[in-house]
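Please look through the sequence and the structure that follow, and then read the explanation beside them, going back to the residues as they are named.

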Amino acid sequence: MSSEHKSSVQTLSSAGLLISLGIIFGDIGTSPLYVFKAIFSTGAIDHDLILGSLSCIFWTLTLQTTVKYVIITLNADNNGEGGILSLYSLVRRKAKWLIIPAIIGASTLLADGMITPAITISSAVEGIAIRHPGVPTIPIVVLIISILFFIQRFGTSIVGKVFGPLMLIWFSTIGVLGLMYVGHSPEVLKALNPYYAVKTLIDSPNALFIVGAVFLCTTGAEALYSDMGHCGKSNIRISWIFVKITLVLNYFGQGAWLLENTGSQIGELNPFYAIMPGWFVSYGIVIATIAAIIASQAMISGSFTLISEAVRLNIWPKVSIRYPSDHRGQLYVPSINFILYAGCMLIIAVFQHSDQMEAAYGLAINLTFITTTVLMGFYLSRKRVKPIFIALFLILYLGIEFVFLAGNALKIHEGGWLTLLLATTLFIVMFSWYGARKIKNSFVKFVDIRKYYPILSELSEDESVAPFASHLVYLTSANNKNEIESKVMYSILNKKPKRADIYWFVHVDVMDHPHTREYVVQQLIPGKVIRIDFKLGFREEQRISLLFRKVVEDMVANNEVSIISSYKTLKKHNITGDFNFVVLEKVISKTKDLKWHEKIILEIYKTLKKFSLSEEKGFGLDSSFVTLERVPLNIPTTDEVKLKRIE
């Protein structure tokens with residue numbers, strides 16, 4: 001099995017640059033649709049506020065997106081992959097508690113995936129009101145989002161090929177429109193001076209409100225890192241130069257329009273559409289809607305990838321993951337598709353219009369930014385960066401992001417409560433699934449398998465015991481080849497003795513490398529007891545039946561094992577023996593000795609278990625060759641039972 005991972009767009013190329021535009025920058029690229037609208041949603045347009053907020057936008061894009069993510073965070077390259085869970089896998093051995101920021105980051109990123117389609121598509125479609133004020137936009141938004149989620153099951157690789165050219169048109173359009181309008185009020189270029197940003201944040205009584213609105217310009221920065229595996233950091237860094245220039249030009253063009261309208265109220269107008277020539281508005285709405293759909297598609301695809309990683313890392317219930325096309329990395333997770341769609345519909349039902357959705361936007365992804373900063377601090381330490389530079393990085397970015405958090409916290413009562421509620425629910429699911437596994441593992445007892453070598457060898461040849469299967473396969477969580485769960489030995493020897501020609505023990509290690517696919521074979525008793533250790537990356541599908549069969553075929557080809565049935569008739573005709581997987585479903589039989597929070601975690605886990613895949617399906621086993629046994633992990637001892645004998 002090979003562990004190599006190559007992508008045709010990982011290296012710097014024109015194709016890679018174009019694909020980066022289509023996949024990476026959709027979210028941040030559509031931010032000009034709603035940022036200024038959020039800042040000037042109330043009150044009159046103020047001259048100083050225009051320059052101050054524009055300066056804040058420019059320096060946020062520079063410090064937060066360019067420096068933190070494009071220059072620094074993209075270096076946290078986990079063999080070509082990026083994202084909050086890829087970063088966690090790089091540093092998880094540093095400290096056990098790092099699972100907490102990883103789960104917070106993952107849950108808030110998923111919550112952001114619910115609101116991104118709603119706000120971006122709503123902001124684009126609402127431009128129709130400029131030409132046709134009476135046209136209801138909510139049904140159009142609902143229809144577009146419904147179609148978008150419906151087509152996920154068929155795969156989007158064909159559509160994805162045109163994303164790059166379409167986003168090239170989008171960025172070129174917003175850049176040109178902005179550049180044309182800057183000439184109307186060249187004074188707007190003063191905002192390049194950070195003095196105006198600092199002055200506004202110090203003098204304005206609504207500084208935190210402004211900060212919360214400005215944050216919307218960088219919400220897509222996390223996607224630059226999350227989707228690194230699709231395009232490669234070189235392509236992202238080079239294409240970001242073009243993207244940032246077009247974004248800045250458009251923001252400054254909108255700023256020039258605002259300067260022309262100082263003293264008036266923005267009302268229902270959107271500065272993004274206001275800078276367009278009248279004849280171009282209809283085309284602009286179409287282009288903006290397409291860009292919003294692409295941004296939403298990128299967020300949905302990213303959520304599928306995130307969940308697939310979470311399942312492998314045991315922080316999300318085992319769910320069905322499908323591969324609707326041959327395109328590498330193309331995933332479809334039906335359950336998450338439904339959850340995201342339901343979340344989008346809920347947000348639209350509650351807020352209805354984009355200007356109200358802005359109140360709910362930003363809070364969740366802000367927490368993702370903070371957790372990424374924390375994990376990056378540990379990554380820099382792992383890379384032996386000087387402590388002074390790590391301290392400066394943490395102080396600067398935690399300082400910036402907590403200021404943003406304070407600004408976004410003002411939105412809680414206006415709508416931020418909803419995304420916070422969604423993120424909290426996702427966090428509870430992830431933490432409960434992870435915590436329950438830890439609790440269950442604490443009750444698993446291991447024994448020295450070497451003590452059982454003689455009896456296993458004798459049992460495999462004991463004709464007085466009815467054969468259970470030619471090849472008996474157990475999945476084991478024991479990391480040490482000399483250990484095995486006591487319940488496995490109990491299943492073989494005590495729970496109806498299971499005679500087999502060969503006993504196989506299969507162990508799966510989830511590796512920090514995303515695309516490892518390796519295995520190790522150890523003959524514990526040659527030809528009688530064999531252990532296979534699979535080392536699979538956290539982005540690899542755990543199709544154990546298929547992988548196990550491949551290993552056995554290789555061993556047979558190398559004359560390491562014979563799988564011919566021991567039945568005389570079958571052996572005479574060289575018929576292969578049968579294989580039977582035994583899966584032990586571990587259950588905790590008593591909970592009175594557990595702490596109160598552990599009891600709550602297990603109750604949540606029991607509920608989640610009803611919606612997750614069975615153990616055999618989770619490991620990709622063929623159910624027709626699986627025997628499922630439920631085993632209690634903590635059986636009450638006889639010392640705990642008080643019984644009075646009556647003569």
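Is K94 buried, exposed or partly exposed? The structure is a predicted model, and in this model K94 has a relative accessible area of 42%; because that value lies between the 20% under which a residue is buried and the 50% over which a residue is exposed, K94 counts as partly exposed. On the surface, K94 gathers with R382, K383 and R384 in a patch of positive charge.

We turn next to the aromatic rings. A pair of aromatic rings is described by the distance of the centres and the angle of the planes. Across the whole structure, a search finds 25 aromatic pairs. One of them joins F36 and Y251, whose rings are 6.1 Å apart from centre to centre with 70° between the planes, an edge-to-face arrangement. Because F36 lies in helix α3 (residues 35-39) and Y251 in helix α15 (residues 233-260), this pair ties together parts that are 215 residues apart in sequence. Both F36 and Y251 are buried.

Another pair is made by F171 and F242, with ring centres 6.4 Å apart and planes at 75°, so this pair is also edge-to-face. The pair links distant parts of the chain, since F171 sits in helix α10 (residues 163-182) and F242 in helix α15, 71 residues apart. F171 counts as buried because its relative accessibility is 0%, whereas F242, with a relative accessible area of 31%, is partly exposed.

Finally, Y69, F215, F369 and F404 come together in one aromatic cluster.

Conventions
Residues are numbered from 1 along each chain as its sequence is written. This is a predicted model: local features need pLDDT of at least 70, side-chain atom pairs count only at pLDDT 80 or more; totals for chains, interfaces and linings use all residues. Side-chain values use heavy atoms; hydrogens and water are left out. Patches are made of residues with over 30% relative accessible area and no salt bridge: like charges are joined within 9 Å, nonpolar side chains (Val, Leu, Ile, Met, Phe, Trp, Tyr) within 5 Å. Accessible areas come from the Shrake-Rupley method with a 1.4 Å probe; for residues, only the protein chains shown count as cover. A salt bridge is a side-chain nitrogen of Lys or Arg within 4 Å of a carboxyl oxygen of Asp or Glu. Lys and Arg count as positive and Asp and Glu as negative; His and the chain ends are not counted. The place of a charge is taken as NZ of Lys, CZ of Arg, CG of Asp or CD of Glu. Buried means under 20% relative accessible area, exposed over 50%, partly exposed in between (1.4 Å probe, protein chains only). Rings of Phe, Tyr and Trp (its six-membered ring) pair if their centres lie within 6.5 Å; planes under 30 degrees apart count as stacked, over 60 as edge-to-face and the rest as tilted. Helices (H or I, at least four residues) and strands (E, at least two) are DSSP runs, numbered from the N terminus.
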